[in-house]
Amino acid sequence: MSKLFEPITLRSLTVRNRVWLAPMCQYSATDGVPHDWHLVHLGARATGGFGLVLTEAAAVVPEGRITPEDAGIWNDVQKVAWTRIVEFVHSQGAAIGVQLAHAGRKASTYRPWAESEGSVPETEGGWQTRAPSAVPFPGYAEPAELSPEEIAEVVRAFAEATTRAVEAGFDTVEVHAAHGYLLHQFLSPLSNHREDEYGGSFDNRVRLVLETVDAVRAALPDTAPLLVRISGTDWIQGGWDLEQSTRLGVLLKERGVDLVDVSSGGNAPASIPVEPGYQVPLAAGVRAAGLPTGAVGLITEPEQAEKIVANGEADVVLLARASLRESAWPLRAAHELGVAPDEAPWPDQYTRAHWR
């Protein structure tokens with residue numbers, strides 16, 4: 001039997017397989033409200049066989065958006081819009097989670113296909129960004145340093161967004177602490193130059209992540225799993241690294257986190273040794289802390305994904321760009337790995353594709 005297509009249970013949630021959709025920004029929302037594009041995009045991956053479908057980064061406050069076109073979950077209009085997407089994904093037998101995010105110093109930027117690059121000025125709908133320290137991401141506008149009071153407001157915003165996510169019917173939430181966004185900015189010495197209780201030592205730099213996790217966990221039902229995405233390393237000497245990620249993993253487990261989704265980079269330009277499965281060792285390293293992990297990054301072929309899970313390097317794999325090229329990647333994987341139709345996530349309408 002394929003390990004990739006074995007169910008996995010986290011708390012009271014049983015996910016039908018270990019092929020999950022990674023969060024990917026679509027830069028196509030209006031005032032943070034998802035619409036038909038998001039329904040079709042996420043719905044197609046649910047019919048395509050993914051076990052858990054994770055939304056793109058949903059900002060917990062307006063100023064937490066990466067671009068003005070990002071989705072959000074800071075108000076009830078957005079919550080209602082997400083609800084119909086959740087209902088469709090559930091109708092296809094998949095679970096769905098929302099990624100809660102704040103972009104920090106990497107907020108208020110142009111979306112990738114815009115004619116301009118870098119930070120969007122306030123005259124064009126942008127805003128003053130916030131960060132641990134007034135240190136800009138290269139090529140972006142200088143952020144303002146968050147005050148202790150503003151940090152507390154960020155934690156409250158994550159908790160309130162969690163409550164909306166539960167009301168919308170999401171099965172799980174993922175706290176985004178990776179890719180150089182706000183929580184990652186606090187973790188890394190490259191972006192966190194604070195001299196108060198949120199900067200300096202490891203314990204101080206992880207403080208905001210732990211406070212956020214505590215607040216989100218308290219807002220979730222005990223039956224609902226909590227995921228956290230981290231960058232396993234900055235790929236820069238003196239930055240955040242695997243050793244610190246593993247130490248953080250121990251603390252996250254103690255606070256009721258059920259799975260760590262391990263990516264890398266994003267906090268500063270770096271030389272990254274990109275190759276198939278290049279981030280899998282990071283997931284394996286964090287898994288040594290004693291909690292389940294997800295591996296992501298140039299996982300493109302079914303046999304490759306099967307080996308990652310079967311060898312115990314990670315408990316699930318998350319697909320990003322491969323899923324954009326092929327929305328039904330899990331169905332192809334089930335076919336190529338010889339998974340019987342009744343053990344694979346085939347919609348009734350598609351089962352005849354299994355045989356030829």
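Visitor: How many bridges join strand β4 to β5?
Guide: This is a predicted model. In it, strand β4 covers residues 52-59. β4 and β5 run parallel. Val53 has its bridge partner in β5, and that partner is Ile96. The number of bridges joining the two strands is six.

Visitor: How many residues of β5 are buried?
Guide: β5 is mostly covered. Ala95, Gly97, Gln99 and Ala101 point one way from the strand. Ile96, Val98 and Leu100 point the other way, and these too are buried. The count of buried residues in β5 is seven of seven.

Visitor: Why is β9 described as largely enclosed by the rest of the structure?
Guide: Strand β9 spans residues 226-231. Leu226, Val228 and Ile230 point one way, while Leu227, Arg229 and Ser231 point the other way. Residues on both sides are buried. β9 is largely enclosed because its buried residues number six of six.

Visitor: Which residue in β10 is the bridge partner of Arg229?
Guide: β9 pairs with β8 in the parallel sense over five bridges. There, Glu174 has Leu227 of β9 as its bridge partner. β9 also pairs in the parallel sense with strand β10, residues 259-263, over five bridges. For Arg229, the partner in β10 is Asp261.

Visitor: What span does α3 reach from its first C-alpha to its last?
Guide: α3 has 21 residues. At 1.5 Å a residue, 30 Å is expected. Just after the helix, Gly169 takes a positive phi of about 100°.

Visitor: Which elements do the buried residues of α3 pack against?
Guide: The buried residues of α3 include Ile151, Val154, Phe158 and Arg164. Ala157, Ala161 and Ala168 are also among them. Their packing partners are α2 (76-91), β5, β8 (172-177), α4 (182-187) and α6 (207-219).

Visitor: Which residues touch the most other members of the largest nonpolar core?
Guide: That core holds 85 residues. Its largest share, nine residues, comes from helix α3. Apart from it lies another core of 14 residues, among them Ile8, Leu13, Leu259 and Leu318. In the largest core, the residues touching the most other members are Phe170 and Leu252.

Visitor: Which residues is Leu252 in contact with, leaving aside its neighbours within four places in sequence?
Guide: Leu252 belongs to the largest nonpolar core. Set its sequence neighbours within four places aside. The contacts are then Val209, Leu210, Val213, Val228, Val257 and Val260.

Visitor: How many residues apart in sequence are the parts that Tyr27 and Trp113 tie together?
Guide: Five aromatic pairs are counted. In the pair of Tyr27 and Trp113, the ring centres are 6.1 Å apart and the planes stand at 80°, so it is edge-to-face. Tyr27 lies in the loop between β3 and α1, and Trp113 in the loop between β5 and β6. The pair therefore ties together parts whose separation in sequence is 86 residues.

Visitor: Is Tyr140 buried, partly exposed or exposed?
Guide: Tyr140 forms a tilted aromatic pair with Phe137, 5.0 Å centre to centre and 45° between the planes. Phe137 is buried, with a relative accessible area of 12%. Buried means under 20% and exposed over 50%. At 26%, Tyr140 is partly exposed.

Visitor: Which ring does Arg247 lie over?
Guide: Two charged residues are worth a look here. The charged end of Lys106 sits over the ring of Tyr181, 4.8 Å from its centre. Arg247 lies 3.8 Å from a ring centre, over the face of Phe202.

Conventions: Residues are numbered from 1 along each chain as its sequence is written. This is a predicted model: local features need pLDDT of at least 70, side-chain atom pairs count only at pLDDT 80 or more; totals for chains, interfaces and linings use all residues. Side-chain values use heavy atoms; hydrogens and water are left out. A nonpolar core is a set of buried Ala, Val, Leu, Ile, Met, Phe, Trp, Tyr and Cys residues joined through side-chain atoms within 4.5 Å. Buried means under 20% relative accessible area, exposed over 50%, partly exposed in between (1.4 Å probe, protein chains only). Helices (H or I, at least four residues) and strands (E, at least two) are DSSP runs, numbered from the N terminus. Contact means heavy atoms within 4.5 Å. Rings of Phe, Tyr and Trp (its six-membered ring) pair if their centres lie within 6.5 Å; planes under 30 degrees apart count as stacked, over 60 as edge-to-face and the rest as tilted. A charge sits over a ring if NZ of Lys or CZ of Arg is within 6 Å of the ring centre and within 35 degrees of the ring normal. The expected span of a helix is 1.5 Å times one less than its number of residues. Two strands pair if DSSP finds at least two bridges between them.
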